[in-house]
Amino acid sequence: MKKILSVLLALVLALGLCVTASAEGTASAFAQDAYATVLTASDFQRYDNSAYERFDNILNLAKSDGMPEPDSLLIGGDYTMFLYDNAVPGIAKIRGAYLDAYPGVDPASAVFCQGNHDNAKKELTETGFYNMGAYCLYVINEDDFPWKQSKHTPDGVQALAKDVERCLDGMIAGGDHRPVIVLTHVPLHHTYRNSYGDNMYAAYLFDVLNEKGKALDIVFAFGHNHSGGYDDYIGGAVNFMQPGDTIRIPMTDKTGENCYTEQTLHFTYTNCGYVGFSDNAVSDTSTDTLTMGVLQLTPDTLHFIKYSEQGVYRVYDVRRVHGDSTVTEPEYPAMVDNCFCHSEKPIVKALWNVYAFFCKILSVNRYCVCGAHHF
């Protein structure tokens, strides 16, 4: 009997050690020297509430594992199942789960980007550049970087790229070393969606980000694709690429299976984390795991965690360009003369809104002299 009890005691101790090691291993996934934590997720569209329940489960699991209170929540679109449906109910569920898990966070720290399934509503964050304190954010709604780009002229994406370049140049000129997150729905890499014309003009935006990524820590966070055979080389449903990796960017003048150029990345490229579904697992390098993304900013690295309902799924560290955690907010160069869309004068803002409204009704692309564009 004593021998049996000894064996049982040894098993209990062994199991206890295993549980402790597992718990410590999970908790250690979070950076101890992080000064900001940002959550990302996208693509909630389902016929039921399962995606919202999954997000809530992952969020609370990460919290129980020791995730600190987030500084912001960035959602990459598609809150509805049907094209151009009302995004408000889905946004309310996501915001509710976020505030329930972390009651102390600022509700305004939740940012909601438009996906191709979402009708534009005031609850969606407008396309543009935002000062988020520890980092800077450029939100790009699907209206401004659309899917099925082959059905548009390149003017809109070119103007968008020009405005992104203006903002990033302002940071570089001002010595602002904060990381920059570009939150959007449609990705940059070559895909077979819409017969390879889904993001036909992505190169215009990619070229700007890739050049500025030599001087800034840039993270491009997207949704939309749900993985596929073309995504295997970047990880299937858990997409992640970092500076030095090779990515396939669509050609701007033709579409097709082989109409891409191979480019070396100078920024981090990752999906927000598909929460609703993934439709592919065609090879050993692909995965259909559904995740939420966690990005922690440390003085020396961008620390990425992909979190699933089972816990930590992947961890990546990207060394920062400057390794400078100082939060600086220098004065940016003055806007272009006669810049209407960025003006704070009430009469100018009113005139711009009227002009934009009629352009929208008439389906005419509208621009500002600074290059800012809205479809």
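**Figure 1. What the buried residues of helix 5 pack against.** The buried residues of helix 5 touch strand 7 (136–140), helix 4 (155–173), strand 8 (180–184), strand 9 (218–222), strand 11 (246–250) and strand 12 (260–264). Contact here means heavy atoms within 4.5 Å. Helices (H or I, at least four residues) and strands (E, at least two) are DSSP runs, numbered from the N terminus. The model is predicted, so to speak of local features needs pLDDT of at least 70, side-chain atom pairs count only at pLDDT 80 or more, and totals for chains, interfaces and linings use all residues. Residues are numbered from 1 along each chain as its sequence is written, and side-chain values use heavy atoms, with hydrogens and water left out. Helix 5 spans residues 202–212, and eight of its 11 residues are buried. A residue counts as buried under 20% relative accessible area, as exposed over 50%, and as partly exposed in between (1.4 Å probe, protein chains only). Look for Ala202, Ala203, Leu205, Phe206, Val208, Leu209, Asn210 and Lys212, the buried residues of this helix. Helix 5 also lies across strand 7, strand 8 and strand 9, running at about 145° to strand 9. For such angles, axes are lines fitted to C-alpha atoms (for helices, over the stretch in contact), and the values run from 0 to 180 degrees between N-to-C directions.

**Figure 2. Strand 7, covered on both faces.** Five of the five residues of strand 7 are buried. Cys136, Tyr138 and Ile140 sit on one side, with Leu137 and Val139 on the other. Strand 6 (residues 128–131) pairs with strand 7 in the antiparallel sense over four bridges; two strands pair if DSSP finds at least two bridges between them. Across this pairing, tyrosine 130 stands opposite leucine 137. The two strands form a hairpin with four residues between them, and glycine 133 in the turn has a positive phi of about 90°. Strand 8 runs parallel to strand 7, joined to it by five bridges. Follow cysteine 136 to its bridge partner valine 180, and valine 139 to leucine 183.

**Figure 3. The sheet that holds strand 7.** Six strands make an open sheet in the order 6-7-8-9-13-10, with mixed pairing. Strand 6 and strand 10 (240–241) stand at the edges with a single partner strand each, so one side of each has no neighbour in the sheet. Helix 4 packs on this sheet and touches strand 6, strand 7, strand 8 and strand 9; its direction makes about 175° with that of strand 7.

Figure 4. Strand 15 (residues 301–308) pairs with strand 16 in the antiparallel sense over eight bridges, and leucine 302 stands opposite valine 318 in strand 16.

Figure 5. Take tyrosine 192 and tyrosine 196: their ring centres are 6.4 Å apart and their planes meet at 85°, so the pair is edge-to-face. Rings of Phe, Tyr and Trp (its six-membered ring) pair if their centres lie within 6.5 Å; planes under 30 degrees apart count as stacked, over 60 as edge-to-face and the rest as tilted. Tyrosine 192 is partly exposed, at 43% relative accessibility. Elsewhere, ring pairs link Phe44, Tyr52 and Phe55 into a cluster. Lysine 63 lies over the face of tyrosine 102, at 5.2 Å from the ring centre, and arginine 248 lies over the face of tyrosine 233, at 4.6 Å. A charge sits over a ring if NZ of Lys or CZ of Arg is within 6 Å of the ring centre and within 35 degrees of the ring normal.

**Figure 6. The protein chain as a whole, for orientation.** The secondary structure comes to six helices and 18 strands. Of the 375 residues in the chain, 51% are buried. Among contacts between residues at least 6 apart in sequence, 74% join residues at least 24 apart.
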